[in-house]
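This report goes through a few local features of one model, with attention to where the coordinates can be read closely. The sequence and the structure come before the discussion.

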Amino acid sequence: MKNPLIHIAAVWFLIAPSFLIAKSTDETVQTEPDADSADLLTQAELENLVAPVALYPDTLLIQILVAATYPMEIIKSDRLLAMNADADPETLTAAIEAEEWDPSVEVLATAFPDVTSDMATHIEWTEAVGAAMLAQSDDVMNAVQTMRQQAINSGALASGEAQTVDVVVDEETQAESVVIQPADPEVVYVPQYDPNLAYNSNDLVSDAIVAGAVTFGTFILLDAIFDDDDPWNDYWGCRNCGGWGGGPIYNNPRDIDIDVDGNVNIGNNVNLGDRPDRRPDGGWKADDKRKNDAKNKITNRKDTNGKTKLPINKADTRGDSLRASLSNKSGAADISRPGNNRLPQVDRPSNRPASAKKAAANRTAQKPKPGTAKRKPSVKKPTQHKAAAKRPAAKKKAPANRKSATHKRAPAKKAHAGSQRGRSSGAKHRKGRR
């Protein structure tokens with residue numbers, strides 16, 4: 001009779017290799033990183049990429065991020081604005097509408113021409129932002145939140161008379177989101193800051209310098225651009241349009257209803273049809289083809305060490321290099337850099353429609369003389385509250401010719417009105433491409 005121990009050993013000898021290989025394969029599958037995620041931009045790269053715009057008000061930031069996915073339209077819109085610099089607002093608005101660009105590009109060209117120009121100047125960076133937004137939008141929005149929290153910690157980001165900064169806590173996940181809104185939803189300030197200062201936590205930099213890292217120069221009077229019945233007119237104070245925590249990004253007010261508190265009401269007015277750029281809840285999303293193309297672009301622009309070769313540093317784009325070279329040769333300051341833009345942006349009443357002229361006259365009557373402002377700008381720490389808590393109901397909207405409190409809210413004597421083309425059109429805004 002054969003020894004049973006020898007028999008067992010022989011069987012083990014036959015099956016052990018396959019068992020060990022299977023076990024090794026299982027372990028490899030379990031520990032292998034997600035190749036799809038590994039090929040995309042890293043958290044650090046995304047933070048670098050969004051740093052120049054992360055401190056913009058939510059609704060303006062959203063338009064920039066979505067418009068960046070159409071870089072060629074950004075170039076065309078900037079060219080159109082340059083060619084029509086002396087056109088009256090109605091003519092310029094009609095010219096913009098005729099191009100049938102994406103609504104995000106159109107609204108930036110109509111109301112924020114300086115932002116459009118900056119994106120066109122740094123088009124390589126803009127393309128990189130657009131690719132990241134298409135391929136990994138949730139990661140982009142998380143990177144924005146990281147930078148905002150960093151700016152709060154450094155002391156650069158705080159509530160004031162230009163904007164409010166709130167830290168909203170999700171009741172279910174306890175996750176925090178930093179929400180930035182205009183203090184007056186009809187007056188949007190475009191912040192100017194040097195990312196090297198705004199996010200700086202170095203003890204060698206004084207608190208006073210960091211606190212003044214974010215300044216507010218140009219402001220846009222949106223009620224002088226959009227009619228009262230235009231959805232864009234009420235969009236800019238939207239409180240939950242930012243897509244924080246993986247929620248929907250509401251970039252087109254024609255798909256949603258925004259109440260007086262700035263909250264989005266999803267109802268029967270959301271008509272998605274066969275639109276591939278909308279989520280079931282009406283939020284923005286990238287269609288599959290554009291998303292895959294963007295992923296391939298990011299993947300193909302990796303070096304041998306896995307580091308991206310995309311221009312994630314805005315200041316490293318070719319446009320900046322060219323301007324720096326011209327500035328050195330001519331001796332003239334590069335006005336696109338923070339602190340160098342001292343050119344007044346003049347509002348010309350003669351080029352505005354009658355309703356806008358009347359509103360401007362009322363605002364001018366309320367403008368305090370230099371040095372006579374009732375109070376100085378205050379800096380408030382961001383408040384922390386529950387997401388479900390409702391804000392106090394907003395006052396009912398006054399007639400179009402009311403006296404605006406715009407200049408009472410101006411945060412500094414340096415504040416000046418937006419450019420003619422950016423705030424003087426009273427024409428009703430087009431529905432835009434769907």
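Strands, like helices, are taken here as DSSP runs numbered from the N terminus, a strand having at least two residues. On that basis Val168 lies in strand β1, which covers residues 163-169. The model is a predicted one, and confidence is therefore taken up below together with the geometry.

**Buried residues**

With a relative accessible area of 13%, Val168 is buried, because buried means under 20%. Val168 is also 6.3 Å from Val178, C-alpha to C-alpha, although 10 residues separate Val168 and Val178 in sequence. Asn263 belongs to the loop between β5 (257-258) and β6 (264-265), and its relative accessibility of 18% again places Asn263 among buried residues. When residues up to four places away in sequence are left aside, Asn263 touches Arg239, Asn240, Asp257 and Ile258.

| Residue | Relative accessibility | Class |
|---|---|---|
| Val168 | 13% | buried |
| Asn263 | 18% | buried |
| Cys238 | 2% | buried |
| Cys241 | 1% | buried |

**The disulfide**

A search of the whole structure finds 1 disulfide, formed by Cys238 and Cys241, whose sulfur atoms are 1.9 Å apart. The link of Cys238 and Cys241 is right-handed, with 85 degrees about the S-S bond. Cys238 counts as buried because its relative accessibility is 2%, and Cys241 counts as buried because its relative accessibility is 1%.

**A helix pair**

Two packed helices are described by the angle between their axes and by the distance between those axes. Helix α5 (residues 71-83) packs against helix α8 (residues 113-121) at an angle of about 125 degrees, and their axes are 9 Å apart. The two helices α5 and α8 are therefore oblique to each other, and their crossing is left-handed. On the side of α5, the contact is made by Ile74, Ile75, Ser77, Asp78 and Leu81, while α8 contributes Pro113, Thr116, Ser117, Met119 and Ala120.

**Confidence**

For the protein chain the mean pLDDT is 74, and 61% of its residues reach 70 or more. Over residues 412-419 the pLDDT stays under 50, and the model has 26 contacts beyond four places in sequence for this stretch. Residues 421-432 likewise have pLDDT below 50, with 59 contacts in the model beyond near neighbours in sequence. Where pLDDT is low, the predicted coordinates should not be read in detail.

Technical notes
Residues are numbered from 1 along each chain as its sequence is written. This is a predicted model: local features need pLDDT of at least 70, side-chain atom pairs count only at pLDDT 80 or more; totals for chains, interfaces and linings use all residues. Side-chain values use heavy atoms; hydrogens and water are left out. A disulfide is a pair of cysteine sulfur atoms within 2.5 Å. Buried means under 20% relative accessible area, exposed over 50%, partly exposed in between (1.4 Å probe, protein chains only). pLDDT is the predictor's confidence in each residue, from 0 to 100. Contact means heavy atoms within 4.5 Å. Axes are lines fitted to C-alpha atoms, for helices over the stretch in contact, and angles run from 0 to 180 degrees between N-to-C directions. Helices (H or I, at least four residues) and strands (E, at least two) are DSSP runs, numbered from the N terminus. Angles under 35 degrees count as roughly parallel, over 145 as roughly antiparallel, 65 to 115 as roughly perpendicular and the rest as oblique. A crossing is left-handed if the near helix is turned anticlockwise from the far one by less than a right angle, and right-handed if clockwise.
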